[in-house]
Amino acid sequence: MKHTLQQVFHSGKFVTGFSIFVAILLIVIIYPLIITDPPLRIIGQGTFFEPGIYVNVYDSISSPHYTLNLDDAAAKRIASKLGEDDRIAIKDWLVAVGIPESEIDTTDTAKLLDQWVNNYDPATRISGMTNATRNYYIRLNNSLKGLLSTDGVSIAVANPETAVLEETSTIVQSDYVNVNQVANVRVLPLGTDNFGRDVLTELVEATRVSLQIGFVAGVIATLIGLTLGLLSGYVGGFVDDIIMFITNLFTVIPSFVLLILISFSIGQDRRGPVTIAIVIGFTSWVWTTRAVRSQVISLRNRDHVNLSKLSGHSLVHIIVTDIFPYIASYVVMALILQISSGILVEAGLSILGLGPRTTDVPTLGLMMNWAMIYQAHILGKWWAYFPVIVTIALIAFSMNLMNTGLDQVFNPALRD
Amino acid sequence: MSSEKKLCLSGSGVTKVFGFGRNTTLAVDHVDFNFYEGEIISIVGESGSGKTTLAKMLLGLINPTEGEIYFQGEKRDISTHRKKKEYWKSIQAIFQDPFSSYNIFNKIDTVLLDCIRMRGGGKLPYEQKVEMMTEACSFVNLKFEELTNKYPFELSGGQQQRLMIARIFLLKPKILLADEPTSMIDACSRATILDMLMQLRDEIGMTPIFITHDIGLAYYVSDSVYIMERGKFVESGSADDVILHPKEPYTRRLISDVPKIYEEWDLSTV
Ligand SMILES: Nc1ncnc2c1ncn2[C@@H]1O[C@H](COP(=O)(O)OP(=O)(O)O)[C@@H](O)[C@H]1O
Ligand SMILES: [Mg+2]
């Protein structure tokens with residue numbers, strides 16, 4: 001036993017898969033201890049805020065201001081307002097009104113803006129330009145106004161008695177606050193989703209729930225498969241006939257179709273994550289049964305089983321001590337595959353909108369479902385679905401890697 | 001003389017067919033036999049002739065497709081687990097391959113304690129069990145103190161087969177089926193194993209049934225010999241009759257494969 005474990009942990013593939021899996025588990029366990037926010041709380045008013053560090057504007061005004069004279073501050077400020085597409089659009093306009101192309105340099109922000117201010121006139125008609133493009137130029141022009149100004153901004157507060165605005169402070173362009181001194185800073189490493197929820201916190205919780213669903217489904221499927229496989233393989237005869245009949249029945253009906261039908265008939269309100277896990281478990285034991293049965297059939301005529309019979313052991317004793325230990329490693333591998341497929345099946349079901357009800361917990365599948373319904377993939381809001389896909393892939397990858405590693409240890413013929 | 005001989009195991013028309021449909025194998029084909037108590041019996045045949053299959057039917061590990069097996073003159077009844085257990089107190093076996101005969105997850109102690117329990121000694125104090133196990137091991141020249149808490153696969157093939165004999169020593173069955181007990185182990189251990197089996201026979205008064213492909217061995221040890229060819233007993237009788245005056249060409253061929261048969265038999269070549 002100890003020796004086998006040593007061998008298992010010498011298999012590079014197993015160790016890699018195991019490390020990834022343990023890392024995922026640790027994140028799932030430790031993250032909620034640090035960030036204790038409810039994972040489904042809506043914090044953002046609006047959809048799909050980009051990943052980043054959100055600094056409270058109100059608090060930064062009242063935080064101590066420091067003056068830093070940095071040369072490139074103005075250029076950066078303008079650059080961040082003036083994107084690459086806008087620069088090319090400006091160039092197009094300038095070319096259209098007759099400025100030679102050689103005189104235009106889109107990387108020189110100051111010169112480009114100067115040329116724009118001198119040559120842009122909303123009244124100019126350029127042939128072939130659509131109305132939409134014209135409106136775009138008007139919007140662009142408005143956003144550029146004051147971009148080169150070096151004035152500060154005044155902060156004014158309404159006097160509660162006279163309702164007159166009274167200036168309390170001015171902020172100049174070289175004012176800085178130290179983020180550490182701002183009372184409210186929220187890091188959203190993966191932004192927010194369509195409901196305005198923190199995607200990372202939600203993702204961690206979803207991973208936890210999905211792992212639980214996979215585990216419950218995998219354990220149920222493996223227990224059923226193991227019991228039926230042992231009985232059918234060892235007892236044989238009539239028992240085998242009945243079990244194989246049921247197994248064949250389940251094989252003929254694709255389990256995913258069955259799953260869809262059952263999920264659908266349970267109804268949205270009663271579909272909790274546990275229910276879904278149980279339903280997945282009860283529809284995916286078939287191949288474990290078949291695999292265990294064929295293993296047992298090859299074992300039951302072995303001499304050590306005969307010797308155990310001759311020692312007067314009962315059927316149960318023989319199954320438990322002379323058959324099961326020989327297939328235990330195989331069962332562990334089957335369990336790992338069942339867990340990983342349970343997670344994938346839940347994701348598949350949820351994407352179809354037949355997963356757990358959406359009100360109490362997130363799952364990886366539900367997050368995919370939400371991202372799809374709110375068209376995150378079309379709008380380019382990658383942070384709402386890409387990390388979910390990566391997580392699903394990592395879980396499946398780590399488990400399959402563990403499985404391959406185990407396979408190599410337990411089936412020496414596969415060892416290279 | 002013959003009126004004193006008591007039947008211990010006999011069979012009529014015993015047949016085993018494996019598989020069904022077109023892929024059937026007739027492993028044992030309507031064999032009749034009468035094994036008497038106290039005799040040493042050998043069943044000789046080349047590989048694949050159905051010896052192991054017959055042995056398993058005699059042991060009650062598989063059911064005959066056809067025919068009846070009689071135990072001590074009466075029809076054998078092993079329809080329930082309890083009756084089987086009772087039957088297995090009287091008949092035990094040593095298998096061909098010691099390396100696959102033991103459960104690799106069980107320690108040697110478990111193997112021997114099972115035998116004591118089988119003989120109804122499950123409730124004895126542990127010291128007494130150790131005494132019995134030590135006795136059994138020393139009978140086969142093994143030291144129980146060195147074996148305890150070890151696994152059978154840590155022993156050599158010869159030692160494992162000796163442990164098997166220690167098992168029989170504890171079980172004291174009336175009949176022992178030894179299915180090629182020496183064919184998978186090194187030449188040096190073979191003579192020891194055979195010696196021990198013969199010694200054990202004298203000690204506990206059992207009837208050994210040797211199954212072998214080696215007619216020389218059969219001649220050396222047995223009183224009556226059954227020659228098996230493709231599932232059938234083609235010739236049977238006392239060892240001298242069958243081997244010194246063979247009637248069947250098959251028997252002659254088996255004999256010609258063992259050149260030294262009429263000479264002084266050298267145990268180390270068994
Ligand atoms: N469980 C089984 N299923 C199908 N065929 C078998 C089985 N066991 C043995 N046989 C066949 O029965 C024949 C006799 O085998 P066996 O009794 O092992 O011969 P021996 O022990 O004399 O070498 C062989 O042809 C073998 O292939
Ligand atoms: Mg054989």
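The helix α1 of chain B gives the most to the shell around ligand 1, with three residues, where helices (H or I, at least four residues) and strands (E, at least two) are DSSP runs numbered from the N terminus. This is a predicted model, in which local features need pLDDT of at least 70 and side-chain atom pairs count only at pLDDT 80 or more, while totals for chains, interfaces and linings use all residues. Residues are numbered from 1 along each chain as its sequence is written, chains are lettered from A and ligands numbered from 1 in the order in which they are written, and side-chain values use heavy atoms, with hydrogens and water left out.

The residues that surround ligand 1 include B:F18, B:T25, B:A27, B:E46, B:G48, B:K51 and B:T53, a residue being near a molecule if one of its heavy atoms lies within 4 Å of it. By class, this shell has two nonpolar, seven polar and two charged residues; Ala, Val, Leu, Ile, Met, Phe, Trp, Tyr, Cys and Pro count as nonpolar, Asp, Glu, Lys and Arg as charged, and the others, Gly among them, as polar. Oxygen atoms of ligand 1 lie 2.7 Å from a polar backbone atom of B:G48, 2.9 Å from a polar side-chain atom of B:K51, and 2.5 Å from an N or O atom in the side chain of B:T53. The protein covers 59% of the 560 Å² of accessible area that ligand 1 has on its own, with areas taken from the Shrake-Rupley method with a 1.4 Å probe. The elements that give two or more residues to the shell are β2 (25-36) and α1 of chain B.

Helix α1 of chain B also holds B:K56, which touches A:N301, A:D303, A:N306, B:L61 and B:I62, not counting residues up to four places away in sequence; contact here means heavy atoms within 4.5 Å. The C-alpha atoms of B:K56 and B:L177 are separated by 9.3 Å, although the two residues are 121 residues apart along the chain.

The contact takes 21 residues from chain B and 15 residues from chain A. The two chains bury about 1,600 Å² between them, 56% of it on carbon and sulfur atoms, buried area being the accessible area (1.4 Å probe) that two parts lose on being put together, summed over both. In chain B, the residues that lose the most area to chain A are B:L61, B:F95 and B:N103, together 27% of what that side buries. Across this interface the rule finds zero salt bridges, a salt bridge being a side-chain nitrogen of Lys or Arg within 4 Å of a carboxyl oxygen of Asp or Glu.

Over all chains, a search of the whole structure finds 17 salt bridges. In one of them, the side chains of A:E205 and A:R208 meet at 2.9 Å, N to O; because A:E205 and A:R208 are three residues apart in helix α8 (residues 199-235) of chain A, they are separated by about one helical turn.

Note on methods:
A polar contact is a pair of N or O atoms within 3.5 Å; within protein, one must be able to donate a hydrogen and the other to accept it, and residues adjacent in sequence count only if both atoms are side-chain atoms.
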